[in-house]
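Me: I have not looked at this one before. Can you walk me through it?

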Amino acid sequence: MPISNIKKDPDDWGSGDEPMTDAQASYLHTLSEQAHQPFTVGKDLTKAEASKLIEEMRKRAGVE
């Protein structure tokens, strides 16, 4: 069976409303350093919000 390249929208995740994981918070911190932007994200983000912010920060940091 072929693996799908379709990425599920974080808004459609069943666990998207749960608090972001420690791994997401750590990655956001790393990306903010790479993008030369201050890390000001609070721990109140959801998993879905963190995922969207990670995608945005990856673009800013030039990580594709």
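Me: Start with charges. How many salt bridges does the count come to?
Reply: The count comes to 2 salt bridges. A salt bridge here is a side-chain nitrogen of Lys or Arg within 4 Å of a carboxyl oxygen of Asp or Glu. Keep in mind that this is a predicted model, where local features need pLDDT of at least 70, side-chain atom pairs count only at pLDDT 80 or more, and totals for chains, interfaces and linings use all residues. Residues are numbered from 1 along each chain as its sequence is written, and side-chain values use heavy atoms, with hydrogens and water left out.

Me: Which side chain meets K47 in a salt bridge?
Reply: That is E18, at 2.9 Å from N to O. The pair links distant parts of the chain, 29 residues apart: K47 sits in helix α2 and E18 in the segment before α1. Helices (H or I, at least four residues) and strands (E, at least two) are DSSP runs, numbered from the N terminus.

Me: And is K47 buried or exposed?
Reply: K47 is buried, with a relative accessible area of 18%. Buried means under 20% relative accessible area, exposed over 50%, and partly exposed in between (1.4 Å probe, protein chains only). E18 is partly exposed, at 39%.

Me: Which residue does E56 form a salt bridge with?
Reply: E56 pairs with R60, and their closest N and O atoms are 2.3 Å apart. Both lie in helix α2, 4 residues apart, about one turn of the helix. An α-helix has 3.6 residues a turn, so residues three or four places apart point the same way. E56 counts as partly exposed at 36% relative accessibility, and R60 is partly exposed at 45%.

Me: Back up a bit. How many helices and strands does the protein have?
Reply: There are 2 helices and 0 strands. Of the 64 residues in the protein, buried residues make up 30%.

Me: What is the reach of α2?
Reply: From first C-alpha to last, α2 reaches 20 Å with its 15 residues, close to the 21 Å expected at 1.5 Å a residue. The expected span is 1.5 Å times one less than the number of residues.

Me: What do the buried residues of α2 pack against?
Reply: They pack against α1. The buried residues of α2 include S51, I54 and M57.

Me: What does S51 touch?
Reply: Leaving out residues up to four places away in sequence, S51 touches P10, W13 and Q24. Contact means heavy atoms within 4.5 Å. S51 is buried, with a relative accessible area of 11%.

Me: Which residues make up the largest nonpolar core?
Reply: It has 10 residues in all: M20, A25, L28, L31, A35, L45, A50, I54, M57 and A61. A nonpolar core is a set of buried Ala, Val, Leu, Ile, Met, Phe, Trp, Tyr and Cys residues joined through side-chain atoms within 4.5 Å.

Me: What about M57, which residues does it touch?
Reply: Not counting residues up to four places away in sequence, M57 touches L28, L31, S32, A35 and Q37.

Me: Last topic, the loop between α1 and α2. Where does H36 come in?
Reply: H36 is found in that loop. H36 has a positive phi of about 55° although it is not a glycine, and it counts as exposed at 73% relative accessibility.
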